[in-house]
Each structure stands twice: as structure tokens, then as C-alpha cells.
Amino acid sequence: MPADNIEEIKLKTGESTTIKLKGLSTAGYQWNYTIDDNKNLITVSKDFQLTQKTAGASADEIFTIKANNKGIVNITFFQKRNWEKNVDPVNEKKIKITIE
């Protein structure tokens with residue numbers, strides 16, 4: 001995905017949205033995220049959803065984003081192995097959230 005491909009979401013204060021990201025945990029990859037300077041505008045929680053019940057299947061990673069205060073916040077999700085340093089993520093998703 002090109003770095004400038006940014007998904008835009010609009011929420012009202014108190015609303016939540018869910019982001020489902022394809023898991024690769026059986027290969028050691030995990031989704032993490034960074035938030036720009038407006039960290040107080042949202043709360044992010046993480047869960048997992050196993051879509052296949054076969055041996056070796058990876059669980060999708062589910063992020064729930066709750067809008068706490070009005071404003072604009074940018075969140076970048078990135079998938080990489082936590083133990084690998086100085087390695088680019090294998091996947092990335094950028095989201096701009098406008099909270100009204």
C-alpha cells in the first residue's frame with residue numbers, strides 16, 4: 001500500500017469504530033500502532049479473531065477506536081516482528097480520524 005493512501009473516518013464524540021487487520025502471527029508478525037500528537041482524542045483497544053480453526057491459522061487483529069474528544073487524529077498501524085530492529089513493516093495502514 002502506498003504511504004500516501006490514507007483512509008478517512010468520521011466519528012462523533014463517544015462513538016467507536018472497528019478496524020480488522022489480517023493477522024500473520026504464526027509467522028511472528030504483529031500489528032502495532034502509533035498515534036500523532038493528539039493521543040488524548042482516542043482510546044484504542046486490541047483483540048483477536050480466529051477466522052479458521054485449522055492448525056497454523058493466524059488470527060486477525062481487531063482494533064477498536066473510541067472517540068473521546070473533538071479534533072483530528074492520525075493513527076498508523078504497522079505489521080512487523082517485534083524482535084526485528086531497523087526493518088520496515090511488511091504492511092501498513094494509515095487512518096485520519098475526524099471527531100465531531
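A: The account below goes from the whole chain to the sheet, then to the core and its aromatic rings.

This is a predicted model, in which local features need pLDDT of at least 70 and side-chain atom pairs count only at pLDDT 80 or more, while totals for chains, interfaces and linings use all residues. Residues are numbered from 1 along each chain as its sequence is written, and side-chain values use heavy atoms, with hydrogens and water left out.

The protein chain has zero helices and seven strands, where helices (H or I, at least four residues) and strands (E, at least two) are DSSP runs numbered from the N terminus. Of its 100 residues, 34% are buried, a term that stands for under 20% relative accessible area, with exposed set at over 50% and partly exposed in between (1.4 Å probe, protein chains only). Among contacts with a separation of 6 or more, 71% join residues 24 or more positions apart, a contact being heavy atoms within 4.5 Å.

An open sheet of four strands runs in the order β1-β7-β6-β3 with mixed pairing, two strands being paired if DSSP finds at least two bridges between them. Because β1 (6–11) and β3 (30–35) stand at the edges with a single partner strand each, one side of each is left without a neighbour in the sheet. Neighbouring strands here are turned by 25 degrees against each other on average, direction ignored; the axes are lines fitted to C-alpha atoms, for helices over the stretch in contact, and angles run from 0 to 180 degrees between N-to-C directions. Within this sheet, β1 and β7 pair in the parallel sense over six bridges, with E7 opposite I95 in β7. The pairing of β6 with β7 is antiparallel and covers nine bridges, and there I75 stands opposite I95. On its other listed pairing, β6 (residues 71–80) joins β3 in the antiparallel sense over six bridges, where N32 has F78 as its bridge partner.

Strand β2 (residues 16–21) is joined to β5 (residues 59–67) by six bridges, and the two run antiparallel; the partner of S16 in β5 is K66. S16 lies on the uncovered face of β2 with T18 and K20, whereas T17, I19 and L21 make up the covered face.

I19 leads on to the largest nonpolar core, which has 18 residues and in which I19, I42, I75, F77 and I97 have the most contacts. Such a core is a set of buried Ala, Val, Leu, Ile, Met, Phe, Trp, Tyr and Cys residues joined through side-chain atoms within 4.5 Å. Strands β1, β2, β3, β4 (42–50), β5, β6 and β7 (91–99) each supply at least two residues of this core. Not counting residues up to four places away in sequence, I19 touches I9, E61, I62, F63, I65, F77, K93 and I95.

Rings of Phe, Tyr and Trp (its six-membered ring) pair if their centres lie within 6.5 Å, planes under 30 degrees apart counting as stacked, over 60 as edge-to-face and the rest as tilted. By this rule there are three aromatic pairs. In one of them, the ring centres of F63 and F77 are 4.8 Å apart and their planes are at 55 degrees, so the pair is tilted. This pair links distant parts of the chain, with F63 in β5 and F77 in β6, 14 residues apart.
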